[in-house]
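Let's take a walk through this fold together. Have a look at it first, then read on.

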Amino acid sequence: MMNKGYICVVQNTKTTNYLKLAYALALSIKNTQSDVNRLSIVTDIKRMPKKYRAVFDQVIPIKTDRAKDSEWKLHNIVDLYDYTPYDE
C-alpha cells in the first residue's frame with residue numbers, strides 16, 4: 001500500500017496569513033477525508049503557533065528559503081518533492 005497524504009508549502013506575507021489558511025484547510029481535510037487524512041506542512045517553524053502544529057502529522061522546516069526577498073512566496077514550491085514524506 002502506498003503512503004498517501006497532503007502536503008503544502010506555506011509562508012505568510014505582509015498582507016496574508018497563509019498559516020491560518022493552511023490550519024483551516026487541515027481542519028477541513030481531517031473532518032471530511034476518510035481515505036487520506038495525513039497532513040504535512042512545510043513552513044518557517046519558528047513563526048507557526050503551537051495550536052496550528054497540532055493538526056499536522058509533520059511540520060517540516062524550510063531548508064532554503066528561495067522566496068526570502070520576495071512578497072510572492074511560490075518560489076519554494078519547486079522543492080515540494082524533496083520535502084514530501086508521501087509516495088502519493
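## Before we start

A polar contact is a pair of N or O atoms within 3.5 Å; within protein, one must be able to donate a hydrogen and the other to accept it, and residues adjacent in sequence count only if both atoms are side-chain atoms. Keep that handy for Thr13, whose side chain makes a polar contact with the side chain of Glu71 at 3.4 Å.

This is a predicted model, where local features need pLDDT of at least 70, side-chain atom pairs count only at pLDDT 80 or more, and totals for chains, interfaces and linings use all residues. Residues are numbered from 1 along each chain as its sequence is written, and side-chain values use heavy atoms, leaving out hydrogens and water.

## The sheet

Helices (H or I, at least four residues) and strands (E, at least two) are DSSP runs, numbered from the N terminus. Three strands make an open sheet in the order E1-E2-E3, with parallel pairing; two strands pair if DSSP finds at least two bridges between them. E1 (6-9) and E3 (58-61) are the edge strands, each pairing on one side only.

E2 (residues 39-43) is joined to E3 by four bridges, and Val42 stands opposite Ile60 in E3.

## Around Thr13

Thr13 sits in the loop between E1 and H1. Is this residue buried or exposed? Thr13 is buried, because its relative accessible area is 16%, and buried means under 20% (exposed is over 50%, partly exposed in between; 1.4 Å probe, protein chains only).

A polar atom of the Thr13 side chain also lies 3.0 Å from the backbone nitrogen of Thr16.
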